[in-house]
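Hi,

Here is the structure I promised to pass on.

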Amino acid sequence: MKALRRLRGWLHATLGQCVHQFNGGAAYEHYLAHWRAHHPEGTPLSADEFHRREQDRRWNGVRRCC
Amino acid sequence: MALQRTQTGAGHLSSLLWVAIAILGASAVGGIALSRGETINSLWFIVAALCVYAIAYRFYSLFIASKVLLLDPTRATPAERLSDGRDFVPTNRWIVFGHHFAAIAGPGPLIGPTLAAQFGYLPGTLWILIGGVLGGCVQDFVILFFSIRRNGRSLGQMAREELGPVGGAAATLGVMTIMIILIAVLGLVVVNAMKHSPWATSTVAATIPIAVLVGVYLRHLRPGRVLEASVLGVVLLLLAVVGGGYVDHHPAWRTWFDYDASPLALMIIAYGFAAAVLPVWLLLAPRDYLSTFMKLGTIIALALAIVILRPVMHMPALTPFIDGTGPIFSGPLFPFVFITIACGAISGFHSLISSGTTPKLIANEADARMIGYGGMLMESFVAVMAMIAACVLEPGVYFAINSPAGVVGAEPAAAVATISSWGFPVTVEQMSALAKEMGESTLFARTGGAPSLAVGMANIFSSLSGGSLLALWYHFAIMFEALFILTTLDAGTRVARFMLQDMLGNFSPRLGRTSWYPGVLLTSAIVVGAWGYFLYQGTRDPLGGINSMWPLFGIANQMLAAIALCVATSILFKSRGPRAALITGLPLLWLLAVTSTAATLKIFSPLPRVGFLAHAADLESKLAAGQLAGPLLAQAPRLIFNDYLNAGLTLLFLAIAWVVVFETGRICLRVHRGAHAPPLSEVPYQATALGR
């Protein structure tokens, strides 16, 4: 029983991580961490603003192949 | 990172395991090569592929990593040193693997093997396996590593630094021209799948508003929630596939989506222009997410289905067409099978991705082995699966779908008579029944590889659902391919437009600014006009367009691979010496032999089916003698012009490749003699602060 609960906990954590990661969470966290480390003053972008800017920026250069 | 040989029990067990894998792999390859029965089970191919990949990764990639490139896990990567939270971000290796594989996996490994099945299953499969592990994987891995050591610089920049301005210019010109041909060819593949098919056309048309909806969702409603938006999009896409069925059966609605190839080409051209000039978040980005998820999901599903169901392959090991008289594309086995399968074995385009965003995400140099070499291994596996899906069809059916009307005859009765006379029996009733099962009016002359792949995939998938729902599976497969072909089309147009703006910016600074809208419109129009021309001409070519354009694409792609290998060879020669340079030098020599022979044949062969100039001369003499009639008479001047254009392009590719090779040889010779040559441009060592 305990093993089952632990498995469920692990699955929840891992899948939750995956969902969070693919839902753009990790990218924003990286940005916040970088901002706090390098720009002590000033306000970082909100999550929504950050993702909008990222989309515009990401489509330079070769992205997709044949 | 030396190879460690322990004397423990675990070490001996590991050696035994690898010997067993080697024996298993050799037996599987031997079984495939020597089997002369009526049919062979696809399981042989899966086992052979997996064993070859396992051995290549465990031994060859480790050798390259530890003895040639000298990967240093204690060294800080640019992701760590230049970390800016945007482009340079040290990322978990599995995430980077996913991004990299999604970027390199395009429609190429699905189409190339399907076309190459014309020669039988054996030549294509051997090239996918051998060319992949010795050529493509090495190229991707080595270019990725060198880019990491140069702060993520692109292939064009590395070419300029290592080979001088000539090399850099050649690489840039090569990339732009490949892009144009690639987009035109892929557009042709989609058009051939959609022509006179209301189901396919309505489904593909529906992907546009679905992408816009997902785009708005990601931009305004819930920014950044990629997973949610993709789930929404996938559900809508599946509904679109089902909805297409309703449209097909509705007598009035189906007329709205029933078009010939040429009008469809014009619609695709219009779509391509719109996608290139509209904001990226509206169409491009959502399409990209959707196609990535669908691609990964479908590939995994196909792999599982093949492993579980183990379908039987009906195509023989070799067909008579190795002599060069094939209907799908002309030309003998050497060099054309190596040109036709580019992306599944070695593809120059991948070197652009390997020197694009991927090197800026890598947290530790040791990851490059898994991502560069391993990513291409997976792509090679996708190509093997495409070969399997093409070969599970009856050969007669395969040729009936993929042969252009200009070769076998426009009427079904004529087509089956021609194909049966080749030794591949097929009947009109068989094809009509198959078309009906797939929800199409006809499957004849649906060239380009996508429809026959879809038929193969539908057969495999439908075994899971008990033999029913064939039409749904077929149109799902068509939608899946069209989705990421059109994404490549949008993205490629945009990249080509950026490069053109970059080049023109040297003469007129206003055009170079990507924010100046009139400049955007003009350059997009030029790029779309260029590929649109080839696409439109392809739809009016009696030989189906794929016949002449796919070899052109293959030659161009492998010319770019030759350039990438030249850059890598020169770096290795300078930094590790001539013997190390062999790991890229030998594949380079092979590629040069193959592309030069193919290009020479395509330009100068006296056979009108093979050589562009011979084909033009043949048409010209027939025109002068008044032997042409009907539509061919009207089209002849345009066809003759296209032949000269194609011959000119092929000559250009050949010239570019040899110029770069010449420069490389010159530099290597100077290094060998101890004379001055452009120095290595690696970034100095800095120890990493990240844990492993």
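In what order do the elements of chain A run from the N terminus on? They go α-α-α, and chain A has three helices and zero strands. Helices here are DSSP runs of H or I with at least four residues, strands are runs of E with at least two, and both are numbered from the N terminus.

Before the rest, some housekeeping. This is a predicted model, where local features need pLDDT of at least 70 and side-chain atom pairs count only at pLDDT 80 or more, while totals for chains, interfaces and linings use all residues. Residues are numbered from 1 along each chain as its sequence is written, chains are lettered from A and ligands numbered from 1 in the order in which they are written, and side-chain values use heavy atoms, with hydrogens and water left out.

Back to chain A. Of its 66 residues, 29% count as buried (under 20% relative accessible area; exposed is over 50%, partly exposed in between; 1.4 Å probe, protein chains only). Carbon and sulfur atoms hold 61% of its accessible surface of about 4,600 Å² (Shrake-Rupley method, 1.4 Å probe; for residues, only the protein chains shown count as cover). A:Trp10 lies in helix H1 (residues 2-22) and is exposed, at 55% relative accessibility.

Now chain B. Helix H11 (residues 261-277) has 17 residues and reaches 25 Å from its first C-alpha to its last, close to the 24 Å expected (1.5 Å times one less than the number of residues). Its buried residues include B:Leu264, B:Ile268 and B:Tyr271.

B:Ser355 sits in the loop between H14 (348-354) and H15 (367-391) of chain B. B:Ser355 is buried, with a relative accessible area of 3%. Leaving out residues up to four places away in sequence, B:Ser355 touches several others, among them B:Ile143, B:Arg153 and B:Met158.

Most residues other than glycine have a negative phi, and most peptide bonds are trans. The bond from B:Phe334 to B:Pro335 is cis, with omega near 5°, and B:Pro335 is found in helix H13 (residues 333-340). B:Leu70 has a positive phi, near 55°, in the loop between H2 (43-69) and H3 (78-81) of chain B. B:His196, between H8 and H9 of chain B, has a positive phi of about 50° and is partly exposed at 37%.

Cheers

Methods
Contact means heavy atoms within 4.5 Å.
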